[in-house]
Every structure is written in C-alpha cells, then in structure tokens.
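I opened my notebook on this one with a simple plan: look at how the pieces meet. Here is what I looked up, entry by entry.

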Amino acid sequence: MNTRLASRLIIGTTLLFLIGPFVIIILAGLSAGDFMTFPPNGISLKWYLKVFTVESFRESFALSMFLAIFGTITALILGIPAAYAISRYDIPYAETIKTIVAAPIIVPGIIVGLALLRYLVVPLNFTVTLALFMAHTALVLPYAVRVVSSSLGNLRSDMEEAAVLLGCSRIGAFMRVILPNIQSGVLAAFILGFVTSFNQVPVSLFLSGPGVRTLPIDMLSYMEITYDPSVAALSALLAFLSVAIVFVAEKFLGFSRYV
Amino acid sequence: MKYFLATTAALGLIAGAGHAQDRTLTISVYAFGQDAMAEAVFNPFEEVCGCEVVIETGNSVERMAKIEANAANPVIDMAVMSTQDALSLARQDLLQPLDVAQISSHADLYEAAKDPLGNGMAVGYSYYATSIVYRSDLVTVDSWADLLSDDLAGRVALPNITGTQGPLTLMMLSNALGHEGADYAQTIDAIGESGDDIVTFYNRSSELAQLMLQEEVIAAPVGRFAWSRFSGADLPFAWAEPTEGQTGGMNVMVMTKGNGNEELAYQFMDYWLSVEVQTRIAEAKLDSPANTDVVVSDEIAKSLTYGAELINSLTMLDPAAIIDNREAWVERWNENVVN
Amino acid sequence: MFQNNREGLALALPAAVFTALLFLLPVGILLSEAFKVDGSWSLQGYIDFASKPLNQTVFLRTLKLGALVSVVSAIIGYACAFCIVNLDGRHRGRVFGLVVLPLMISPVARTYAWIVILGRTGIVNDTIISLGLSKTPIRILFTETAVFIGLLQLFLPLMIISLVSAMENLPKDVIPAARVLGANWIQVFTKVILPLTKDGLVIGGTLVFTGSLTAYITPAILGGSKVLMLETLLYQRVNVANDFVSAGVIATVLIVMSFGANILLKRIAAARN
C-alpha cells in the first residue's frame, strides 16, 4: 500500500506540474481587476469576452484557421498518395523520399521562416501568406504521411487486389476499397495536422508582416504590450479549442491508435 | 463539414484579399500605445482618406532592419522611428527626400524638427524626454549613477544596447560616473560588473511597463512617451529629475524609396503633423508635439515633454555619433555585459 | 499489382518534390550562407562566430540546459512511466490523456502561465515567503532556472509518452522475477528496466534534447535578453542587424547538434548490449 501511495504521489505531482499552469491561466483570465494576478481578486468574465472584440485577434484567428485547414488538406492531398506508394510499392529511393518528407520536423522552425522569407518572399515576390501556407503544409506533411501509412499498414492489400480482379479500375479500387477503410486514419491525420499548424510559432515569427499574423504571434505581440488578463483568457480559450478537437476525435475515432 | 470548410475558405480569402480592395497605406509604427494611437490618428485618417491603414509594429531598430531586408520590394510606405535609425536608412539610400510643399504644417514645426537628417530625408513629429521611472514608495532616485547602486541591486532593469534608449542611458551613466570617451568603454564595463544585479535588458518600452507593473523591477530608464502607463497605475511611480539632467530624443517620419504610394503617404504625414491631430495626440498623453502651434493645458503638459524650454534642456545624443559607434558598443556589450 | 514501381514513384513524388523545392532548398541556401564569405566558400563565418565569447557562452548554455532538461525529464519520466504502467486500464487511459494534454496547448499559453507563477508576486514566491524560507521574494524570472523549468514542462510529456510506450512492452513477469531472485530496486532498474526500454529512452531523449535546443518562446519570455539561447540569439541577430551569416551558422549548429544527439544516444543504447 506504500507503493500505491508513492505511485499516486509521483503521478499527482507530475500532473500538477504539467497541468497546473494551464489551470492557472484559466483562472487568471477570470480576474476582475485590470491586472493579471493569481489568485484572482474577484471573478469576472469580461476578459474572456474582450478577447472577441480585439480586431487583430479576429484577423489572426482567421488566418490561422485558413492555414490550418487548407494547409492540412493540401498535406493530405500530397501525403495520402505518398503513404500509399510507400506502403504498397517497393519504390526506388524509398528511404530518400521518406527522409525528405520527414525532414521539416528536424529543422528548427525559426530557420524555416527565415529561409522562406529571404529566398522566396523577398526575391521572388511571394506573398507572406503564400509562404506561410507552404511552410505549414510542409510541416504537416510528415504527420500526414506517417499516420496514413500506419493506417494503411493495418489494411490488407488483398482486398484491393480482389476488387481489381473483379473488374474494378485501379482508381475505383482505391476510392471504394482503400479510402473508406482508412477514413479514421485520414481524419486523425487531419486533426493532428490541424493542431500542429494552429499552434505553430517559430516558423511564423519571421513570416509575418503588416496585416499578416498568425494567432500565436499576435498573442505574443499583444502580451508584450498589455499585461491585462485578456491574454490569459485567449490562451485558455485556445487551449480549450485544441483539447476539444482532440477529445472529440478520441471519442469518435479512438485515434490514438494511429499516432 | 462542407459549410464549415466553405466558411473558413471565405474567411481566409477575405482576410487576405480584403486588404487589396481599398486603397491601402502600409505604415510602420511603434508598438507602444498603438490602441490609443489608432483611436487618435489611424482610424480617423481612414475615414478622411477613404483608405485602409495597415500597421506594422515593433521597436524602432527591428522595424528599421525589416525595411532594410525588404529594400528590393518595399512593403512599408512610411515609417516613424528614432532619428538614428532613420539616419541609418538614409545612408543606405533607402529613403526618399520629402517634398515639404506637401506637408502644410511644416513651417510650424520646431526648427530642429524641420530637417533633422539633412537633405529633407525626414521630419520630426514628436519629442520625448528620457529619465528614470521609479517606485516612490520604495526608493529615491536623484542621479543616473543610482542605477548601479546597491539600493536598486536586483530590482533594476536597463534598456538593451540595441534599442533607442540604450545609448542614451549609456551617455547619462557615463556623465554621472565621470567617465570619458565616446566609446563608453568604461561605462559598459561598469554595467558588466553589476550584471548580476540587473534583472534584464528590455527591448521594448512595453516590456518594461509590464515588468514594473508586475513588480519585477522598481526602477528603470524609459522615455516619457511611456509615462502615461505609470502615472495611471495603482502603484506609486515617480519621474526622476537627476542632477545630471534628463536625456531624450526626437522621433521622425520617413518615406521609403520607390514605394509607389507617395500620395497617400504624404496625405497621412500631413494629417499626423497638423495642429488638430498633434493636439489630439498630446491630450491623450501619447506623444509630445513637434508642432509649435499646439497648446495644451498645464496639467496635460506635465505628462508630456512640452515646451521649448524643456526640449532645449535635454542632453541629446547626435544621431550620427550613435550610428558610427553602435557596432563597437554592441561588440563590447556582448562581451562584457550579456556574457 | 504493385509491381509497377514507376507508378508508385509517381504517387510519392509530388510530396517529396514539394518539400524539397519549397522547403529544403531555401533552408539549404540559408545554411550555405554560413559557409560563404564574399561569395566564395570559406569557414571564416564559423571562425568569426565561434571566436566571440558571447556566442560561446550562448552555445554552452544551450547545450547545458538541453542536457539538463533531458536528464531530469528522463528521471521523472521513468518514475512516472513506471507508475502509469502499473495502473489499471481505466485510470491509465485517463492519466495518459492528461499527460498528453499539454502537448495540444500552444506554447505561448504554457509559457505565459510561468510568468504568473514565477514572478516576484507570483505563487512560488508567495509560498516561499509564507513558509518562511526567505524574507524577500527571490528572483526567478529571467534566469536560467526559469528557462529550465519552462522547458521541462514543455517536453516532459514527450519523454513520458516514449517511456510508457517502451515499458508497456515489458513482459509482465520480468520485474517480479528479478525481485524474487534478490535484486534490489536499483539493480532492477539498471539491469532489467533500462536495457529493455532503451529504445524508448533514445527516442524520448532525442525529442526532448532537440526540442530544448530549438525552443524559442520559452527562452524568449522566461529568459529575456540576459539569458540568451541559440534560437533567441539567432532571432536577435537577424531582427536587429540582418546578420544572416550568424543565422546560417546557428542554424547549422542546431541541426548538427540535433543529429549528433540522436546518433550519440543510439550509440550509447547499442553499447549497453
């Protein structure tokens, strides 16, 4: 019983360390005063409400959503065929391709942003938004490929072969046999990609310009200027959003199987 | 799912494309007080010109570097920054000379604000004094040397050498400690020795305001434009009047070369420098006016750097001297202070 | 049906080309800036960079903090993973979910919380003073300690996940068997658990170390200009001085360190065999 207690203590303290700050943020956002304190003196929802009125947050939220959704979709469009090819075929240069696609995760984000700014945006006149879009797509692609590969790995290839034998075209077989069966894997990849893109900071640090800012960067700037609790409130709301998305996914898909 | 996607697609397109529809003026301004500035200047201007004002914010030196980086394809139409950063851009041929005929209030500006860089490259729009802000309930500050004293050890912040306030602080500290030499070598070393006692080196005035309000520090040199944040706070702050005097500077407006949007940019500069707008800004206790026709009440004047007498009493640092010596200062600072 | 490799290649190529052209190429060019001086190849950029004391300090500090966070998270990680693995199914799922939770939250939010907690008027100081451990608040923000704590919280979940994954695959009777044979807990750990879970440790270690090297927000906010790490130094050099040579050097150093750490850890793991 001693070990039970010890076990609980260890887990409890660790969870406190990991989750505690998150809880504090939620509560600090409820401060009634003009100023961030914890414990809050007085409870008020005004900061949570204020978040929705700050114009720059709305714009940057829209941009972040746009990047997350379309970046992930593009990554899936590129990634699903790649995952299919890697798991079903024995393609030449398979290792090289796998390494190339996985590389973005290794490169420090801040360098990515800087490189794209310097060599794509400025000289080739790409808009900052386009560069951001490409960066986010490339960052999500490795996750997309990996998750879908994993899902494909669980799927036997003989079903597809049977479909073709029975007269289905290759593409038909793919659409009717493969896709429906990897649906949850794809959705899992989408959600993982979405959250990764949405919370991405280092890449966006340099790839931001007048009027073009992702939400995390906007929050950072806001934090430097104002110390009022609205930043805490916004952080809490975003955290809820991320968590809710993942929670829903887990409930309906059990997607942790694919990660 | 489809509707959701469609809506966000629409949102994304709007967010991106909306800017392209109206006439747009892209400006680079200080981050501090931008909400209030938006209310006093940027938003009213949008109504006047029927255009959209897109804002880039940050501290002066960062924004200067951005303009340098984008030289081939200027993103910014007009910018406001410190005199020395503007001079740096002028020397790199990144600015265009201003046609003062397009700025109706030009003649009403302080003499020194009319052509601070020479060749009409810039126009001053605001003065500020720099001194030390401190918690009057915890300490008293009468000299710049107090920054390195035991009283403030562990509770003081200094501006980073790369910012605008950094060299000004160096100069005053040098004077106060009786050091000689424009390379401020002794002063930098002195700061280096007290390194542990300095909480941090702030990059933006807004950072500093936070630190003070969080009570991480109780004293720091800062520009008067930040004073409104302290005077209105719950904690008691005071503005030092050190024996060595105050320092300060002038912020200027510049126009980037070849931006293609000169007409709007001039309209905006003209607007910002007009008596009406300068008075509005002054009354909001944001920036002190460079337009001599601006009149404000004594009460408001106390929060600003107002009046020829005060402006003339400030020990300013020659912008050319700053540019010429900056690299050496940063080298030595990196070696002895931040190391 | 899957014999036509050219078909397969065609399917995989778009993804690879996209990443290579639009991502790796610009990054590669940036890294090469560090090797050029006035247009010709040279190591001078590196030599200049390495000779400045500030850069040396920042490099060592980054290395030190990265290693420290990795080691501490490994210790806490093993303790936690061991407890989690021994929980029953329902609890285990919940606890695991809670551990993963912080990873879904933006680093901005997570770091911001620390300002409130570690500040002079924050919880930690309040507790310290009320417990009588100190009369005046201690300075935590803008020190290496603050950055360490922030990084640890950021990456501990990754280590725990890796270790739980590894420990789940331990045969159930291995530990009790060792105990029955007379091993004390330390021996159980070093002779049984460690060797069997070393792959998890390598993965977790790499993730944590690499993450700590390349973190930006946490050192920026909790460390400020006084406690510079390689990434915040890079940001400063570019933002203020457009110093792309330094940027290239730092970038290469970071990537090399990441690879190096991974290889080193793999070697150590293999050596234990």
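This is a predicted model: local features need pLDDT of at least 70, side-chain atom pairs count only at pLDDT 80 or more; totals for chains, interfaces and linings use all residues.

Entry 1: I looked up helix H3 (residues 55–88) of chain A against H1(C) and found a packing angle of about 135°, with the two axes 8 Å apart. H3(A) and H1(C) are therefore oblique to each other. The crossing of H3(A) past H1(C) is left-handed.

Which residues meet here? On the H3(A) side I noted Leu78(A), Gly79(A), Pro81(A), Ala82(A), Tyr84(A), Ala85(A) and Ile86(A). Facing them in H1(C) are Gly8(C), Leu11(C), Ala12(C), Pro14(C), Ala15(C) and Phe18(C). Sorted by class, this contact has eleven nonpolar residues, two polar ones and no charged ones.

**Entry 2: the whole contact of C with A.** I then widened the view and found 60 residues of chain C in contact with 68 residues of chain A. Several helices of chain C each supply at least two residues to that side, among them H3 (53–85), H7 (144–168) and H12 (244–271). Which helix gives the most? It is H1(C), with 18 residues. The side of chain C that touches chain A divides into 50 nonpolar, eight polar and two charged residues.

**Entry 3: chain C by itself.** I listed twelve helices and two strands in chain C. The C-alpha trace spans about 75 × 70 × 35 Å along its principal axes. Of the 273 residues in chain C, 46% are buried. I also checked sequence separation: among contacts in chain C with a separation of 6 or more, 73% are between residues 24 or more positions apart.

**Entry 4: two domains in chain B.** The domain assignment gives chain B a domain 1 (22–127 + 249–316) and a domain 2 (128–248 + 318–336). Their C-alpha centres lie 25 Å apart. How many residues does each domain bring to the contact? Domain 1 of chain B brings 25 and domain 2 of chain B brings 24. On the domain 1 side, H4(B) gives the most, with four residues. That side of domain 1 has ten nonpolar, 13 polar and two charged residues.

Conventions: Residues are numbered from 1 along each chain as its sequence is written. Chains are lettered from A and ligands numbered from 1 in the order in which they are written. Two residues are in contact if their C-beta atoms, placed from the backbone, lie within 7 Å. Ala, Val, Leu, Ile, Met, Phe, Trp, Tyr, Cys and Pro count as nonpolar, Asp, Glu, Lys and Arg as charged, and the others, Gly among them, as polar. A residue is buried if 20 or more other C-beta atoms lie within 10 Å of its own, exposed if 12 or fewer, and partly exposed in between; C-beta atoms are placed from the backbone. Axes are lines fitted to C-alpha atoms, for helices over the stretch in contact, and angles run from 0 to 180 degrees between N-to-C directions. Angles under 35 degrees count as roughly parallel, over 145 as roughly antiparallel, 65 to 115 as roughly perpendicular and the rest as oblique. A crossing is left-handed if the near helix is turned anticlockwise from the far one by less than a right angle, and right-handed if clockwise. Domain bounds come from an automatic or database domain assignment.
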